[in-house]
Amino acid sequence: MELREILGKRAMDEARLIEIIEEVPPDSIYYHTHSYYLRHAYIQGVFPNDFATWVALHAQDRVLGERLGVLDPFDFDDIESVRSEILTIMGDHLNHIKTVPVCTTGEPFEFVRSHVIEADLDLKVWTLREFRDGLARVDMGAVFNHVCEARLRKGRAPGDFASWIGGREGLGRETLAEDIVKVGRLGLSLEGMRGKILQLCDQALAAA
Amino acid sequence: MKALLEQYREVTPPGTVDFLRQLGRRVEGKQMLHVNSTRYGGGVAEILHRLLPLMEELGVKTRWEVLTGTDLFYRTTKSFHNALQGMPQQITRDMYDSYLQVNRDNAKSLNLEADVAMIHDPQPAPLIDARPKDAKWIWRCHIDVATPQRAVWQFLRPFVVRYDAAICSLPKFAQRLPIPQFLVYPSIDPLSDKNRELTPEEILRTVEGLGVPLDKPILLQVSRFDWFKDPVGVVEAYRMVKKSHDCRLVLAGGTATDDPEGAEVLLAVQKAAGIDPDVHLLVLPPTANLEINALQRAATIVFQKSTREGFGLTVAEALWKGKPVIGGQTGGIMVQIIPGMTGYTVNSAEGAAFYAKRLLNNPNLIATIGRQAKEYARERFLITRHLQDYLGLMVHLCR
């Protein structure tokens with residue numbers, strides 16, 4: 001589960017937004033670029049990260065919204081790289097416009113960070129078939145934990161699923177693991193990722 | 001009979017109950033204490049009555065202590081409440097002294113021993129002076145402190161900053177504090193009398209018992225008769241809708257006998273409504289949970305047209321009953337109403353009328369939004385999510 005901590009830092013314009021992005025803890029950058037995956041579909045916003053959605057909707061800066069919106073968190077192996085890319089995009093954009101866009105809706109950007117609280121689901125698998133069946137029924141929070149948390153906050157870059165499937169201590173299926181890593185880059189929702197991984201598992205099982 | 005938590009399995013998202021049991025294992029045996037200022041009446045007491053047995057079932061040894069105060073203390077904390085919500089108040093030295101003295105007295109008489117204590121709202125905040133060694137104390141703020149009266153906040157802040165953490169209901173309620181502030185939305189209990197499923201017969205009997213026939217679409221607002229809830233604006237919206245759509249308006253709420261403003265608002269609403277047999281003003285006692293449940297289930301569209309709102313759990317209640325909600329664009333209403341998905345947010349009586357007409361013209365839209373509203377409430381505003389947040393915070397603070 002995700003515990004949300006409000007940092008009490010607010011931005012009402014894009015210049016202040018950049019300043020705060022520079023100084024907040026990495027967990028806040030992570031929250032605003034990854035919690036999208038845990039949100040209900042009705043509130044996922046225009047773009048898959050909060051910075052893009054806020055500048056587009058509240059600062060009425062569609063161009064910056066689109067430039068930030070296309071940013072894919074699965075292109076990065078650590079949070080500082082994500083932060084750096086956001087700052088580069090925003091800095092470049094602000095250098096080319098004459099006035100700094102300000103919030104027009106009265107809704108400031110509120111910085112939050114998240115703490116993920118883990119609980120053991122008592123679910124162990126030993127084969128690809130068991131993995132496939134387990135993945136099909138676990139809570140979406142577990143998918144988030146093994147895909148997003150593992151990659152960016154725990155330094156297990158390929159993600160737990162690919163690591164176990166491809167690793168020698170796991171199933172040793174390297175090709176399948178590589179295909180699973182690529183699923184993150186497709187821009188899918190968590191449910192979409194789960195469906196795609198299940199499909200890859202089914203294909204591998206059928207071929208065996 | 002099923003264990004209490006098991007009763008929630010059918011109404012919560014898949015995996016919720018199992019996850020709560022796993023999370024509970026991480027804090028099993030810990031002692032948790034809640035302290036507030038009343039055992040009955042009000043949203044805090046209502047949710048504690050429901051939450052505590054669930055925490056107990058998960059192995060958290062939970063106690064609930066209630067402050068005992070004087071009349072002056074309660075008048076003072078009522079003034080604090082108003083001042084923190086931005087209404088200018090005159091608070092005398094005697095009032096501040098009474099507040100501190102009552103807290104000192106309670107610190108001696110209450111059992112404050114626990115691993116984690118959750119102190120609700122400003123009334124017991126100074127109990128932090130009596131925190132046992134090694135205990136984790138959390139200040140749970142249920143009210144809107146976005147724009148507090150400065151003098152009162154300056155008085156309270158030195159107590160608040162000594163807690164290990166604070167919880168607020170919306171990010172904009174957070175203040176600049178040197179302690180972590182967590183975001184936890186309040187919740188409704190889907191199995192309580194106010195929210196449990198009712199049979200069509202129960203709904204019919206209860207609503208007709210209140211003098212409201214079920215012969216035409218019902219527009220409903222459930223809330224205290226309070227200017228901030230804008231009941232007069234709701235009557236204006238109804239008048240605009242009524243020109244083209246035959247419907248009824250029900251305004252249901254309570255007004256305390258010691259609240260002169262409530263009586264004044266009710267009078268203004270009666271005047272605005274005039275003589276119209278399709279407008280029903282129902283003054284209900286705080287115990288009328290079943291009646292409110294039945295009215296919400298009988299309604300076609302629910303309004304919560306507040307101009308200022310803390311969280312506005314009546315919105316979650318209506319969403320849970322599968323009703324589209326038209327609400328004021330303020331406070332917690334904005335996290336509950338997703339425009340076009342679970343209802344519409346508006347800034348005027350005209351806006352409320354416009355969306356009410358749109359919905360009345362399209363029964364399929366009412367059904368679709370109602371279905372979405374229920375699923376959204378299921379995921380975000382049920383007591384099981386609230387319990388999960390509190391357990392998660394315990395795990396976080398105790399590790």
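This is a predicted model: local features need pLDDT of at least 70, side-chain atom pairs count only at pLDDT 80 or more; totals for chains, interfaces and linings use all residues.
Residues are numbered from 1 along each chain as its sequence is written, while chains are lettered from A and ligands numbered from 1 in the order in which they are written.

**Chain A, domains**

For contacts I used C-beta atoms, placed from the backbone, within 7 Å. The contact takes 10 residues from domain 1 of chain A and 12 residues from domain 2 of chain A. I then sorted the domain 1 side by class (Ala, Val, Leu, Ile, Met, Phe, Trp, Tyr, Cys and Pro as nonpolar; Asp, Glu, Lys and Arg as charged; the others, Gly among them, as polar). That side has 6 nonpolar, 1 polar and 3 charged residues.

**Chain A against chain B**

I find 17 residues from chain A and 29 residues from chain B in the contact. Strands (E, at least two residues) and helices (H or I, at least four) are DSSP runs, numbered from the N terminus. On the chain A side, β1 (2-11) and β2 (109-116) each supply at least two residues, and β1(A) gives the most, with 5 residues. By class, I get 9 nonpolar, 3 polar and 5 charged residues for the side of chain A that touches chain B.

I also checked strand pairing, which requires at least two DSSP bridges between two strands. β1(A) pairs with strand β6 (residues 181-183) of chain B in the antiparallel sense over 3 bridges. The bridge partner of A:Arg4 in β6(B) is B:Leu183.

**Chain B**

I list 14 helices and 12 strands in chain B. Its C-alpha trace spans about 65 × 50 × 35 Å along the principal axes. Of the 399 residues of chain B, 46% count as buried, meaning that 20 or more other C-beta atoms lie within 10 Å of the residue's own, with C-beta atoms placed from the backbone.

Among contacts in chain B between residues at least 6 apart in sequence, I note that 67% join residues at least 24 apart.

Definitions and conventions:
Two residues are in contact if their C-beta atoms, placed from the backbone, lie within 7 Å. A residue is buried if 20 or more other C-beta atoms lie within 10 Å of its own, exposed if 12 or fewer, and partly exposed in between; C-beta atoms are placed from the backbone.
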